[in-house]
Amino acid sequence: MFKVEGITQIFGGLTALEDVSFSVAPRSITGIIGPNGAGKTTLFNIVTGLYTQTKGQVYLGGKNISFFEPEILARLGLVRTFQNVELFGQMSVLENVMVGLHTKSKSGIFSCAFKLPGQIKEEKIVRIKAQQWLEFTGLADSADVAACNLPFGKGRLLEISRAMAVEPQIILMDEPAAGLNSRETAGLAELIRKIQALGTTIILVEHDMELVMDVCESIVVLNLGKKLAHGTPREIQENKAVIAAYLGED
Amino acid sequence: MDNSSQLVQYVLSGLSNGAIYALIGFGFAIIHNATGILNFAQGEFVMLGGMFTIFILSFLNLPLAAAIVLAIILSTLVGILFERLAIRPLKNIKPLSLVIITIGASIFIRGAAMLIWGKDTHALPAFSSNNPLYVYGATIMPQHLWIFGITLLIIIVNKLFFSYSILGKAMRACAYNAHAASLVGIDVKIMVLLSFAVSAAIGSMAGIIIAPLTMTSYDVGIMLGIKGFCAVIIGGMSSGLGTVLGGLLLGLLESLGAGYISASYKDAIAFIILLLILFIRPEGLFKQKETQRV
């Protein structure tokens with residue numbers, strides 16, 4: 001189970017997040033929505049270890065992971081994707097995913113640097129696994145393309161492939177549908193369900209309400225750094241405070 | 001010696017110096033790609049390689065091969081210590097400040113070397129015989145062949161490591177996007193440490209293989225460091241073919257310039273090339289312009 005408790009983030013004099021708490025059931029899909037500036041990406045950055053929160057705790061599977069470094073979190077099974085796709089540009093699509101498998105490779109740094117046969121075997125296994133992840137996300141055809149030459153939508157899929165190669169317990173996606181056309185978004189919804197079927201918990205920050213209402217089982221609404229509501233898509237759609245925050249009514 | 005054999009002589013010595021510059025350039029590129037730092041202490045690793053070998057030979061009486069291996073290990077340890085003591089503690093600092101720290105470290109290492117080993121120039125024995133071979137009327141020392149062979153070997157190993165091993169890929173990933181690399185579980189700090197270790201090892205090897213030809217002393221790192229820097233700038237900061245070509249080009253121009261114009265301009269040529277490249281093609285001679293996504 002994933003849980004945040006009393007997360008508060010103050011930048012200078014600005015309170016970006018104030019006492020935000022919620023928990024997420026294993027293998028569920030949770031959406032985090034809210035108007036711009038609500039603190040959604042800040043929350044992601046805290047959870048994934050990029051920011052250090054002013055106050056509050058983050059738990060994964062009962063373990064307090066509040067102040068862990070990003071690479072430790074990835075090894076514990078918490079990964080993320082970015083709103084502005086972040087790839088290893090000059091490396092091929094396949095290599096990008098292979099790097100995601102780096103933490104899974106068994107031989108340590110020195111054994112793998114010096115034992116050539118083991119190294120070759122390992123590289124082969126990693127290559128095959130990476131290929132399988134590309135098939136999973138539908139990128140197998142682009143395996144040898146340099147990542148920087150991918151169209152945006154495929155870049156996003158590559159980021160997801162790379163994150164999934166870590167075999168995470170939980171994947172956080174920051175606006176996965178941003179910049180995608182409607183066909184790509186439909187494909188994304190299907191992919192998100194496939195990821196869930198593997199037993200992975202998913203949290204997404206998203207502005208595309210259609211996608212959120214379609215795939216999410218529960219939704220957390222943030223507004224001005226505070227949690228406004230938490231419920232099923234239906235409950236959220238009927239929640240007066242949420243409607244007011246979005247439409248600006250009093 | 002007639003004109004053509006003179007030319008062959010200049011080309012041969014230019015290429016062998018160029019190979020050394022390329023290796024030193026590799027050291028710059030590997031650290032720069034992993035950290036964004038220009039490590040101006042790179043030349044000191046080169047000096048340490050030669051000086052450690054001489055020191056081990058004269059004090060421990062080990063055979064040459066053992067002394068060389070030990071010297072490379074010691075230089076690598078210095079590289080690791082340098083990263084741990086001078087680079088890592090300052091993690092949230094601008095690259096420019098780190099560059100200045102590397103200059104400080106280079107002065108420190110050079111000073112320490114002078115205190116320990118003195119200001120004398122030392123010669124390392126050649127790896128195999130001292131009998132010159134003759135190629136088209138030009139003389140070539142067996143040591144030149146060692147330089148070409150070892151350089152080629154390092155280039156190949158380097159290429160295989162960064163292209164095919166998972167660890168090499170992880171290091172490249174850090175170079176392209178350290179942020180994203182840490183989020184897929186790569187320990188960027190280890191990769192940075194490793195880049196210093198690898199650079200120190202390659203640098204010290206360069207220092208060792210050239211020492212029998214040019215002699216070595218506590219201050220050879222300054223000039224060799226600058227030449228290596230020049231090679232890597234020509235090569236566009238790549239740890240690949242660009243820098244190899246950059247080093248060879250620099251070595252050739254230097255040697256031809258010294259031969260046909262004046263030997264006193266030898267070092268000036270490196271500086272002129274460095275300035276020209278920085279003015280005209282700061283992205284390097286061989287690097288393609290970044291392709292823009294349409």
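Guide: Two strands pair if DSSP finds at least two bridges between them. Keep in mind that this model is predicted.

Visitor: How many bridges join β3(A) to β8(A)?

Guide: The two strands run parallel. In β8(A), I202(A) is the bridge partner of I29(A). The number of bridges that join β3(A) to β8(A) is four.

Visitor: Which residue in β9(A) does T30(A) stand opposite?

Guide: Strands β3 (residues 29-33) and β9 (residues 218-223) of chain A run parallel, joined by four bridges. G31(A) has its bridge partner in β9(A) at I219(A). T30(A) stands opposite S218(A).

Visitor: How many of the five residues of β3(A) are buried?

Guide: In a regular strand the side chains alternate between the two faces of the sheet. On one side of β3(A), I29(A), G31(A) and I33(A) are buried; on the other, T30(A) and I32(A) are buried too. Both faces are therefore covered, and β3(A) is largely enclosed by the rest of the structure, because the buried residues number five of the five.

Visitor: Which strands of chain A stand at the edges of the six-strand sheet?

Guide: The sheet is open, with mixed pairing, in the order β6-β7-β8-β3-β9-β10. An edge strand has a single partner, so one side of it is left without a neighbour in the sheet. That picks out β6 and β10 (226-231) of chain A.

Visitor: At what angle does α1(A) run to β7(A)?

Guide: α1(A) lies across β3, β6, β7 (170-174), β8 (201-205) and β9 of chain A. Relative to β7(A), its direction is at about 145 degrees.

Visitor: At what angle does α6(A) run to β6(A)?

Guide: α6(A) lies across β6 and β7 of chain A. Its angle to β6(A) is about 175 degrees.

Visitor: Which are the edge strands of the four-strand sheet in chain A?

Guide: This open sheet has the order β2-β1-β4-β5, and its pairing is antiparallel. Each edge strand pairs on one side only. They are β2 (14-24) and β5 (63-64) of chain A.

Visitor: Which residue in β5(A) does Y59(A) stand opposite?

Guide: Strand β4 (residues 55-60) of chain A runs antiparallel to β5(A), with two bridges between them. Y59(A) stands opposite N64(A).

Visitor: Which helix of chain A packs on the sheet, touching β1, β2 and β4?

Guide: The helix's direction makes about 115 degrees with that of β1(A). It spans residues 40-47 of chain A and is α1.

Visitor: Now chain B. Is α1(B) roughly parallel or roughly antiparallel to α8(B)?

Guide: The axes of α1 (residues 3-35) and α8 (residues 188-214) of chain B come within 9 Å and cross at roughly 170 degrees. Angles over 145 count as roughly antiparallel. So α1(B) and α8(B) are roughly antiparallel.

Visitor: How many nonpolar residues does the contact of α1(B) with α8(B) have?

Guide: Residues that meet there include F26(B) and I30(B) of α1(B), and F196(B) and I202(B) of α8(B). The contact has five polar and no charged residues. The nonpolar count is 15.

Visitor: In which crossing, left-handed or right-handed, does α2(B) pass α3(B)?

Guide: Helices α2 (residues 42-60) and α3 (residues 64-87) of chain B pack at about 135 degrees, with axes 8 Å apart. That angle makes α2(B) oblique to α3(B). The crossing is right-handed.

Visitor: Is A268(B) buried or partly exposed?

Guide: A268(B) sits in helix α11 (residues 266-280) of chain B. A buried residue needs 20 or more other C-beta atoms within 10 Å. A268(B) has 14, so it counts as partly exposed.

Visitor: How many residues of chain B are in contact with chain A?

Guide: Chain A contributes 32 residues to the contact. Among the elements giving two or more residues on the chain A side are α2 (70-76), α3 (93-100) and α5 (116-137). By class, that side has 15 nonpolar, nine polar and eight charged residues. On chain B, the residues in contact number 21.

Conventions. Residues are numbered from 1 along each chain as its sequence is written. Chains are lettered from A and ligands numbered from 1 in the order in which they are written. This is a predicted model: local features need pLDDT of at least 70, side-chain atom pairs count only at pLDDT 80 or more; totals for chains, interfaces and linings use all residues. Two residues are in contact if their C-beta atoms, placed from the backbone, lie within 7 Å. Ala, Val, Leu, Ile, Met, Phe, Trp, Tyr, Cys and Pro count as nonpolar, Asp, Glu, Lys and Arg as charged, and the others, Gly among them, as polar. Axes are lines fitted to C-alpha atoms, for helices over the stretch in contact, and angles run from 0 to 180 degrees between N-to-C directions. Angles under 35 degrees count as roughly parallel, over 145 as roughly antiparallel, 65 to 115 as roughly perpendicular and the rest as oblique. A crossing is left-handed if the near helix is turned anticlockwise from the far one by less than a right angle, and right-handed if clockwise. A residue is buried if 20 or more other C-beta atoms lie within 10 Å of its own, exposed if 12 or fewer, and partly exposed in between; C-beta atoms are placed from the backbone.
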